[in-house]
Amino acid sequence: MCSLSFEVFPPRYEQNLDNLNEILEILKTLSPAFISVTFGAGGSVNSTKTLEVASLIQDLYHIPSIVHLPCIHSSREKIQAILTECKARKLRNILALRGDLCGGVEKSADFHYASDLISFIKTEGEFEIYAACYPETHTESKDVLSDINHLKLKVQAGAKKFITQLFYDNEDFYRFKERIALAGIEAPVYAGIMPITSKRQVEKISSMCGAKIPPKFAKILDRYEHNQSALTQASIAYASEQIIDLIAAGVEGIHLYTMNKTEAAVKIYEGVKEVLRD
């Protein structure tokens with residue numbers, strides 16, 4: 001049986017909390033294994049909002065939550081304070097990330113890689129540590145071998161499960177799984193899937209994270225670029241097809257990047273729910 005989970009981000013303003021509650025009410029009906037909560041693009045949202053939302057998910061909606069925790073611009077003291085608050089709020093699941101580099105912001109003197117953060121979290125108590133992985137390799141990696149070595153360091157430091165960067169070609173995921181198996185990495189890997197809402201959106205995100213746009217998907221973007229309804233429908237169909245293929249291949253879990261929108265999540269769930277339960 002394959003699990004389904006979601007990613008949400010905290011509202012930037014208090015008045016948007018009602019919107020988030022509406023989103024969570026809907027996502028709850030889709031029986032998620034967990035919901036992860038980001039720090040916002042480039043770590044722009046402070047930890048307080050992230051922890052508040054993660055607590056809300058667990059305390060009000062009774063769904064396990066995962067706290068995204070980037071470290072590249074944080075000191076040891078700041079990370080320790082966040083982990084202490086996580087313990088107080090009974091938030092025990094952490095997605096340990098290096099995080100995006102923000103121009104003009106001083107880099108951490110304590111943490112250079114996600115593996116540094118994972119090692120530190122291990123000293124701070126009983127946390128379930130998730131980490132990120134990249135089917136098409138990280139954009140800053142020298143090569144595939146270097147990328148896999150960084151992944152092994154995360155496992156050795158204490159990461160127990162992985163969530164992938166988004167990808168649009170399942171063959172990249174399958175090749176990645178073969179590589180990590182050869183490297184002796186046996187941790188579960190949840191496949192990150194993002195239904196797109198516009199051609200501009202997918203091109204921007206793909207350029208940032210290095211996810212390539214395969215020809216089949218490019219045709220969809222070109223054909224329906226100026227028809228929002230058709231593009232949404234085609235995107236949902238494409239993501240659903242990806243998910244069904246991944247489940248058939250034995251993937252441990254699907255993690256949907258919702259962008260705080262529920263229409264696609266609901267329709268994808270309705271299309272794949274029987275496959276998920278098989």
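Leaving aside neighbours within four places in sequence, Val144 is in contact with Thr137 and Arg179, where contact means heavy atoms within 4.5 Å. The model is a predicted one, in which local features need pLDDT of at least 70 and side-chain atom pairs count only at pLDDT 80 or more, while totals for chains, interfaces and linings use all residues. Residues are numbered from 1 along each chain as its sequence is written, and side-chain values use heavy atoms, with hydrogens and water left out.

Val144 belongs to helix α5 (residues 144-157); helices (H or I, at least four residues) are DSSP runs, numbered from the N terminus. Because its relative accessibility is 36%, Val144 counts as partly exposed, a class that lies between buried (under 20% relative accessible area) and exposed (over 50%), with a 1.4 Å probe and protein chains only. Val144 and Tyr134 are separated by 10 residues in sequence and by 9.9 Å in space, C-alpha to C-alpha.

A cavity is a set of points, on a 1 Å grid over the protein atoms alone, where a 1.4 Å probe fits but cannot get out, and lining residues have an atom within 4 Å of a point. The volume of the largest cavity is about 40 Å³, a volume being the space filled by probe spheres set on the points, which are joined across faces, edges and corners. Its lining divides into five nonpolar residues, three polar and one charged, where Ala, Val, Leu, Ile, Met, Phe, Trp, Tyr, Cys and Pro count as nonpolar, Asp, Glu, Lys and Arg as charged, and the others, Gly among them, as polar.

The lining of the second largest cavity has seven nonpolar residues, two polar and no charged.

In the largest nonpolar core, which has 66 residues, Leu69, Ile121, Leu246 and Ile254 touch the most other members; such a core is a set of buried Ala, Val, Leu, Ile, Met, Phe, Trp, Tyr and Cys residues joined through side-chain atoms within 4.5 Å. Helix α10 (residues 263-277) gives the most to this core, six residues. Apart from it lies another core of 24 residues, including Tyr168 and Tyr257.

Notes
1 Å grid on protein atoms, 1.4 Å probe; cavity = no way out; pocket = protein on both sides within 12 Å on 5 of 7 lines; lining within 4 Å. Helix = DSSP H or I, 4+ residues; strand = E, 2+ residues; numbered from the N terminus.
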